[in-house]
Amino acid sequence: GPLALLGPAPGAPSCPHGPALLFVKTSQGKEEGRRFYACSACRDRKDCNFFQWEDEKVSDTRLAARKEYNRNHQPSFTHRQNVDRYKNFVLLPLSKRRFCQECQQLILPAEWEEHLDHQYLCDITTTQLKSPSQLLYPLENKKTNAQYLFADRSCQFLLNLLVDLGFRRVLSVGTPRLHEMIQSRASQEEEFSVRSLLLDIDFRYSQFYTEDEFCHYNMFNHHFFGGEAARETCRKFLYEENGERVIMVTDPPFGGLVEALASSFKKLMAMWKETEKEGHDNKEMPMFWIFPYFFESRILDFFPSFSMMDYQVDYDNHALYKHGKTGRRQSPVRIFTNLPPNMIVLPEEEGYRFCTVCQRYVSSGNQHCEICNSCTSKDGRRWKHCVLCKKCVKPSWFHCSNCNCCTLQKHSCEKTDVGCFICGEAGHKRSACSSLSRS
């Protein structure tokens, strides 16, 4: 049956990804079913098979086995050990710098023998060490890691925009390429004053960054693997000293649970408020949430102050999410932000223009609708107004008299005698089913 996320729960059991989330299983004709805990980060049981009923009595033997399992699935080295290893690694001559591609690890000469049968890279340069997102294999599980890395075009645009808006600290949540671009420019340009703290579930980055530059973090349950010390690092970073304004930029896995992400982001915002700076009481921490446009209504449910920008974010290692494609092949990824839309200046050389009525930049194909009094397109194409639906719709959609709404010309009409596909009852479509809204 449908599942509903109840969120983090006090005293929740843990898996290797931190405290589990509480869900409830509902069945037809019942308001609420049995509650259970499952992994916060992995929605596929193949990736993490943790499962426990909320009311289940777990034996001491099983608890001990689970504790041992969690310990065995932690990284080989602590963050502090990785920092020390990095210091030793950069002292080596170029000919002795190796990176094991199979273990995804920097290896010191004393460890070479353990990796003889593995594929490894030699002569690792300082430039490569400062660009770990290009050295490491991307983890492309779309629901857990989804390391689709910003293309240089998008990354450079984001950084320039942040600088122009006057932000000097960037909390980079799941945006390793933006973080390393900031780190790289800070090391090369004395006048560049922007700093970044990377929060990411990929512990491999601890090989390249200190505890003040990287925190091992699960954005689905707001869990700092480094405990209170890592949490304090984040807290200190959010404290706005000398007028250095902070913004959070996040690029979560698109297959992740929006409810869980929103819960964690609100906790990070609350952490920012707790820094006790004047004027924080009635404000939200500035934020860029990078996500596909078809999640707009879900994001606005949790953050009503947000609005969606037309800028198309593209990725190096994603076959579809590329800039410059036309029609439905354009990247659907957008920037959601709580900053005033007229502050977000989009590049005119890429076809964006300023709409004086909407007071925001829009894509060239996004024409202002006089009836809706808004630039209504979401996907970059010119949308058309439907008088019957009383709104603008995609250009490929047509009004269906059976469904009483606009949809694709070749579709299965939902107006049948069978009833709702979700609950089986007549009188409503599945899109309006109360069971679906609960889940």
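## A residue in helix α6

Arg-177 is part of helix α6, which spans residues 176-188; helices (H or I, at least four residues) and strands (E, at least two) are DSSP runs, numbered from the N terminus. The model is a predicted one, in which local features need pLDDT of at least 70 and side-chain atom pairs count only at pLDDT 80 or more, while totals for chains, interfaces and linings use all residues. Residues are numbered from 1 along each chain as its sequence is written, and side-chain values use heavy atoms, with hydrogens and water left out.

Arg-177 counts as buried because its relative accessibility is 8%; buried means under 20% relative accessible area, exposed over 50%, and partly exposed in between (1.4 Å probe, protein chains only). When neighbours within four places in sequence are set aside, Arg-177 is in contact with Ser-133, Gln-134, Leu-149, Phe-150, Cys-155 and Asp-316, where contact means heavy atoms within 4.5 Å.

## The protein as a whole

The protein contains 10 helices and 25 strands. Of its 439 residues, 47% are buried. Among contacts between residues at least 6 apart in sequence, 55% join residues at least 24 apart.

## Strand β10 and its partners

Strand β10 covers residues 167-173 and is mostly covered, with 6 of its 7 residues buried. It pairs with strand β14 (residues 245-250) in the parallel sense over 6 bridges; two strands pair if DSSP finds at least two bridges between them. Within this pairing, Ser-172 has Val-249 of β14 as its bridge partner. Strand β10 is also joined to strand β11 (residues 195-200), again in parallel, by 5 bridges. Here Leu-171 has Leu-197 of β11 as its bridge partner.

## An open antiparallel sheet

Elsewhere, 4 strands form an open sheet in the order β1-β4-β5-β6, with antiparallel pairing. Strands β1 (3-8) and β6 (51-53) stand at the edges, each with a single partner strand, so one side of each is left without a neighbour in the sheet. From one strand to the next, the twist averages 30 degrees; axes are lines fitted to C-alpha atoms, for helices over the stretch in contact, and angles run from 0 to 180 degrees between N-to-C directions.

Strand β5 (residues 35-38) runs antiparallel to β6, and 3 bridges join the two. Phe-36 stands opposite Trp-53 in β6. In a regular strand the side chains alternate between the two faces of the sheet.

## The crossing of helices α7 and α8

The axes of helix α7 (residues 227-238) and helix α8 (residues 258-273) come within 8 Å and cross at roughly 60 degrees. Helix α7 is therefore oblique to α8; angles under 35 degrees count as roughly parallel, over 145 as roughly antiparallel, 65 to 115 as roughly perpendicular and the rest as oblique. The crossing of the two helices is right-handed, a term for the near helix being turned clockwise from the far one by less than a right angle, with anticlockwise giving left-handed.

In this contact, Arg-231, Cys-234, Arg-235 and Leu-238 of α7 meet Leu-268, Met-271 and Trp-272 of α8. By class, the contact has 5 nonpolar, no polar and 2 charged residues; Ala, Val, Leu, Ile, Met, Phe, Trp, Tyr, Cys and Pro count as nonpolar, Asp, Glu, Lys and Arg as charged, and the others, Gly among them, as polar.

## Residues in loops

Glu-284 lies in the loop between α8 and β15 (287-292). Apart from neighbours within four places in sequence, its contacts are Met-269, Trp-272, Phe-303, Ser-305, Phe-306 and Asn-338. Glu-284 and Lys-266 are 18 residues apart in sequence, and their C-alpha atoms are 9.2 Å apart in space.

Pro-340 lies in the loop between β17 (333-337) and β18 (352-355). The C-alpha atoms of Pro-340 and Gln-359 are 9.4 Å apart, with a separation of 19 residues in sequence.

Asn-373 is found in the loop between β20 (368-369) and β21 (374-375). Its phi is near 55 degrees, a positive value in a residue other than glycine. Lys-390, in the loop between β22 (384-386) and β23 (391-393), is not a glycine either, yet has a positive phi of about 60 degrees.

| Residue | Relative accessibility | Class |
|---|---|---|
| Glu-284 | 35% | partly exposed |
| Pro-340 | 38% | partly exposed |
| Asn-373 | 47% | partly exposed |
| Lys-390 | 70% | exposed |
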